[in-house]
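Take a look at the structure below and keep it in view as you read. We will visit a few spots together, one after another.

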Amino acid sequence: MKIGTWIVSFVLFLGSAWFVYESTNLSGGVSLGEPGPGRMPIAVGVATMLLSGALIVYTSLAKTGETVRFPYLFNIGLFTVLVVVYGLIISYIGYYASTGLFLFAIMVLLRTRWQTAAAVTVGFLAFVFLIFDKLLTVPLP
């Protein structure tokens with residue numbers, strides 16, 4: 001299992017490095033001027049590289065019998081599927097409908113009461129509508 005954890009960590013490190021490299025093509029990512037759309041993906045990619053690098057070091061230094069366990073692997077897979085579905089349906093049904101469905105589904109997955117999930121989803125969508133659509137007049141997909 002130690003080899004499997006090391007391989008997954010290494011693949012994640014390489015994927016993050018590729019993500020950072022591709023993000024440098026976005027404007028404002030690596031320049032010292034105004035921040036642009038490239039700044040956040042680079043920051044997330046570097047953070048993921050650091051964390052996966054730390055896991056590589058930890059796995060390499062761990063004793064042979066120690067393993068890293070993933071007790072919620074099914075939930076992680078379901079979350080990943082929901083993120084992919086969200087990315088696919090946003091252009092078809094719009095930002096508000098797809099984000100509402102996504103937030104509600106994720107909160108139910110996290111075992112939040114459905115009433116709380118519905119209230120948070122409606123509150124978030126109202127906040128986004130008021131701030132971005134009305135105040136800042138930023139068009140959302």
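Leaving aside neighbours within four places in sequence, Thr 59 is in contact with Lys 2, Thr 5 and Trp 6. Keep in mind that this is a predicted model. Thr 59 itself is found in helix 2, which covers residues 39-61. Is Thr 59 buried or exposed? With a relative accessibility of 4%, Thr 59 counts as buried, because buried means under 20%.

Next, look at how two helices pack. Two packed helices are described by the angle between their axes and the distance between the axes. Here, the axes of helix 3 (residues 73-93) and helix 4 come within 8 Å and cross at roughly 170°. That makes helix 3 roughly antiparallel to helix 4, because angles over 145 degrees count as roughly antiparallel. On the helix 3 side, the residues making the contact include Leu 78, Phe 79, Leu 82 and Tyr 86. From helix 4, the contributors include Ser 98, Leu 101, Phe 102 and Ala 105. What kinds of residues make up the contact of helix 3 with helix 4? They divide into 15 nonpolar, 3 polar and no charged.

| Pair | Centre to centre | Angle between planes | Type |
|---|---|---|---|
| Phe 79 and Phe 102 | 6.4 Å | 50° | tilted |
| Tyr 86 and Phe 102 | 4.7 Å | 25° | stacked |

Phe 79 lies in helix 3 and Phe 102 in helix 4, so their pair ties together parts that are 23 residues apart in sequence. Tyr 86 also lies in helix 3, so its pair with Phe 102 of helix 4 ties together parts that are 16 residues apart in sequence. Through these ring pairs, Phe 79, Tyr 86 and Phe 102 are linked into a cluster.

How exposed are these rings' residues? Phe 79 is partly exposed, with a relative accessible area of 37%. Phe 102, in contrast, is buried at 18%, and Tyr 86 is buried too.

Finally, visit a loop. Arg 111 sits between helix 4 (95-109) and helix 5 (114-135). At 73% relative accessibility, Arg 111 counts as exposed, because exposed means over 50%.

Terms used: Residues are numbered from 1 along each chain as its sequence is written. This is a predicted model: local features need pLDDT of at least 70, side-chain atom pairs count only at pLDDT 80 or more; totals for chains, interfaces and linings use all residues. Side-chain values use heavy atoms; hydrogens and water are left out. Helices (H or I, at least four residues) and strands (E, at least two) are DSSP runs, numbered from the N terminus. Buried means under 20% relative accessible area, exposed over 50%, partly exposed in between (1.4 Å probe, protein chains only). Contact means heavy atoms within 4.5 Å. Axes are lines fitted to C-alpha atoms, for helices over the stretch in contact, and angles run from 0 to 180 degrees between N-to-C directions. Angles under 35 degrees count as roughly parallel, over 145 as roughly antiparallel, 65 to 115 as roughly perpendicular and the rest as oblique. Ala, Val, Leu, Ile, Met, Phe, Trp, Tyr, Cys and Pro count as nonpolar, Asp, Glu, Lys and Arg as charged, and the others, Gly among them, as polar. Rings of Phe, Tyr and Trp (its six-membered ring) pair if their centres lie within 6.5 Å; planes under 30 degrees apart count as stacked, over 60 as edge-to-face and the rest as tilted.
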